[in-house]
Amino acid sequence: MANAMLLPVLLSFLVLPFSAMALTQDFCVADLSLGDTPAGYPCKALVGAGDFYYNGLAVAGNTTNVFKATVTPASVAQFPGVNGLGISAARVDIAVGGIVPPHTHPAATELIFVTQGTIVAAFISSNSNTVYTKTLYKGDIMVFPQGLLHYQYNIGTSPAVLLVAFSGPNPGLQIIALALFANNLPSDVLQKLTYLNDTQIKNFKSTFGGTA
Ligand SMILES: *[C@@H]1O[C@H](CO)[C@@H](O)[C@H](O)[C@H]1NC(C)=O
Ligand SMILES: *[C@@H]1O[C@H](CO)[C@@H](O)[C@H](O)[C@H]1NC(C)=O
């Protein structure tokens, strides 16, 4: 009986210091060595200005790949200062003729700002599969709601560069083509799932690095 009454009191003492800290804490730079949790990374003890700065987006990404495009992330793993702040960034380089194929970010809404080039960008609604598509020129922005499939491709005659803002420190990235064809999903299962034939599936697997 006494124990049952004591427990809530003990619990409140356990919880109080943390909730008080949450109200007064300015930031929580990620200690990447401690691993991610659903609430973000634990906080690093010693913090300096460099933790809130990242120069990894200054360099163009390497677009020599099947998509002729590269996403350079500035997520919490690269930029620990964004931990807990509900924000992060990326740079997208799309060579002439390149595409960022249909993909989702499960944990963030995305906003793009075209700093160079001309692209088509679109997202697809989940309730009616409506395609919302626009041509974007230098200086234009577009927003892609969290979790929805979207894509971009370069329609210009010069490389396109996008600055990306995400509404979360760890947006995640899942590309449909790679989810299906860059792994060891058996060819006969993929035939059922995609209505493609064996030859087509082997071609996709070979293009995207999957095993037969
Ligand atoms: C770009 O990537 C390709 C393919 O991985 C590689 O062969 C090439 O050396 C890379 N270029 C640079 C400048 O790193
Ligand atoms: C697979 O599908 C392609 C495209 O429809 C067709 O050209 C090809 O003959 C098919 N291959 C087989 C083995 O059925």
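What pattern does the chain follow when it is read along the sequence? In this predicted model, the order of helices (α) and strands (β) is α-β-β-β-β-β-β-β-β-β-β-α-α-α, and the secondary structure comes to four helices and ten strands. The chain has 212 residues, of which 33% count as buried.

Although 75 residues separate P101 from I176 along the sequence, the C-alpha atoms of P101 and I176 are 7.8 Å apart in space.

Empty space within the structure was examined next. Rolling a probe the size of a water molecule over the atoms shows where such space is left. When the whole structure is searched, one cavity of 30 Å³ or more is found, and the largest cavity holds about 60 Å³ of space. Its lining consists of V71, A90, V92, V100, H103, H105, E110, Q152, V164, F166 and L173, a set that divides into seven nonpolar residues, three polar residues and one charged residue. Three strands, namely β2 (88–94), β3 (99–104) and β9 (160–166), each contribute at least two residues to the lining of this cavity.

The largest pocket, in turn, has a volume of about 190 Å³. Thirteen residues, written as 13 in the count, line this pocket, and Q25, C28, A39, Y41 and N83 are those that lie nearest its centre. The lining of the largest pocket is made up of seven nonpolar, five polar and one charged residue.

On the surface, a nonpolar patch is formed by F27, V47, F52, L85 and I87, which together have about 410 Å² of accessible area.

Charged side chains were considered last. Side chains of opposite charge can pair when their charged atoms come close. In this model the count comes to three salt bridges. In one of them, the side chains of K44 and D51 meet at 2.6 Å, taken from N to O; K44 is partly exposed at 30% relative accessibility, whereas D51 is buried at 12%. A further salt bridge joins the side chains of R91 and D93, with an N to O distance of 2.7 Å. Here R91 counts as buried at 13% relative accessibility, and D93 is likewise buried, at 6%.

The remaining pair is formed by the side chains of D198 and K202, which meet at 2.6 Å from N to O. Both residues belong to helix α4 (residues 198–208), and because D198 and K202 are four residues apart in that helix, about one helical turn separates them. D198 counts as partly exposed at 28% relative accessibility, and K202 also counts as partly exposed, at 42%.

Terms used. Residues are numbered from 1 along each chain as its sequence is written. Chains are lettered from A and ligands numbered from 1 in the order in which they are written. This is a predicted model: local features need pLDDT of at least 70, side-chain atom pairs count only at pLDDT 80 or more; totals for chains, interfaces and linings use all residues. Side-chain values use heavy atoms; hydrogens and water are left out. On a 1 Å grid over the protein atoms alone, a cavity is a set of points where a 1.4 Å probe fits but cannot get out, and a pocket is an open set with protein on both sides within 12 Å along at least five of seven lines; lining residues have an atom within 4 Å of a point. Grid points are joined across faces, edges and corners, and a volume is the space filled by probe spheres set on the points. Ala, Val, Leu, Ile, Met, Phe, Trp, Tyr, Cys and Pro count as nonpolar, Asp, Glu, Lys and Arg as charged, and the others, Gly among them, as polar. Patches are made of residues with over 30% relative accessible area and no salt bridge: like charges are joined within 9 Å, nonpolar side chains (Val, Leu, Ile, Met, Phe, Trp, Tyr) within 5 Å. Accessible areas come from the Shrake-Rupley method with a 1.4 Å probe; for residues, only the protein chains shown count as cover. A salt bridge is a side-chain nitrogen of Lys or Arg within 4 Å of a carboxyl oxygen of Asp or Glu. Buried means under 20% relative accessible area, exposed over 50%, partly exposed in between (1.4 Å probe, protein chains only).
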